[in-house]
Amino acid sequence: MKTSMAEGERKTALEMVQAAGTDRHCVTFVLHEEDHTLGNSLRYVIMKNPEVEFCGYTTTHPSESKINLRIQTRGALPAIEPFQKGLNELMAVCQHVLDKFEASIKDYKDRKASRNEHAF
């Protein structure tokens, strides 16, 4: 059962959860309205950071659009830093793919138009 939100009320897109007795090096980030698409991609990018000891995610339930992303770092690095860096790196990768895709579409259309001009 879904509940409707009052007008002007915004749902929090991100929460940080720390277990009692843990420090800022081991944090679970709850991302609302997200699924495996972001979860697996973000986990992959974050795990490439050598300062990250563990990064994994779970979906809470198939009927909920929410993931729990857990990050544990080595040394003094707070977990929020590889999380932010991972988001930025993932955005850069997505932008690169989009740029290449759009350039390929333009190239295809230009070649197609060029062929059509030479057909007459």
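**Close-up views of the predicted model**

**View 1. Leu98, Phe101 and Ile105 make up a nonpolar patch on the surface.** Together the three residues present about 260 Å² of accessible area in this predicted model. Phe101 belongs to helix 2, which covers residues 80-118.

**View 2. The protein chain contains two helices and four strands.** Read from the N terminus, the order of the elements is β-β-α-β-β-α. The chain has 120 residues, of which 24% count as buried. Among contacts with a separation of 6 or more, 49% are between residues 24 or more positions apart. The accessible surface amounts to about 9,000 Å², and carbon and sulfur atoms contribute 54% of that area.

**View 3. Phe29 and Phe83 form a stacked aromatic pair.** A search of the whole structure returns one aromatic pair. The ring centres of Phe29 and Phe83 are 4.1 Å apart and the planes meet at 5°, so the pair counts as stacked. Phe29 is in strand 2 (residues 26-32) and Phe83 is in helix 2, so the pair links parts that are 54 residues apart in sequence. Both Phe29 and Phe83 are buried.

View 4. Glu89 is partly exposed at 34% relative accessible area, and Lys85 is partly exposed at 45%. The structure has three salt bridges in total.

**View 5. Lys106 and Asp110 form a salt bridge with a closest N to O distance of 2.9 Å.** Both residues lie in helix 2, four residues and about one helical turn apart. Lys106 counts as exposed, with 52% relative accessibility, because the class begins over 50%. Asp110, at 40%, is partly exposed.

**View 6. Asp107 and Arg111 meet in a salt bridge of 3.2 Å, N to O.** Arg111 has a relative accessible area of 43% and is partly exposed. Asp107 is also partly exposed, at 39%.

**View 7. Cys26 is buried, and Cys94 is partly exposed.** The relative accessibility of Cys26 is 11%, whereas that of Cys94 is 47%. The count of disulfides in the structure is zero.

Technical notes. Residues are numbered from 1 along each chain as its sequence is written. This is a predicted model: local features need pLDDT of at least 70, side-chain atom pairs count only at pLDDT 80 or more; totals for chains, interfaces and linings use all residues. Side-chain values use heavy atoms; hydrogens and water are left out. Buried means under 20% relative accessible area, exposed over 50%, partly exposed in between (1.4 Å probe, protein chains only). Contact means heavy atoms within 4.5 Å. Accessible areas come from the Shrake-Rupley method with a 1.4 Å probe; for residues, only the protein chains shown count as cover. Patches are made of residues with over 30% relative accessible area and no salt bridge: like charges are joined within 9 Å, nonpolar side chains (Val, Leu, Ile, Met, Phe, Trp, Tyr) within 5 Å. A salt bridge is a side-chain nitrogen of Lys or Arg within 4 Å of a carboxyl oxygen of Asp or Glu. A disulfide is a pair of cysteine sulfur atoms within 2.5 Å. Rings of Phe, Tyr and Trp (its six-membered ring) pair if their centres lie within 6.5 Å; planes under 30 degrees apart count as stacked, over 60 as edge-to-face and the rest as tilted.
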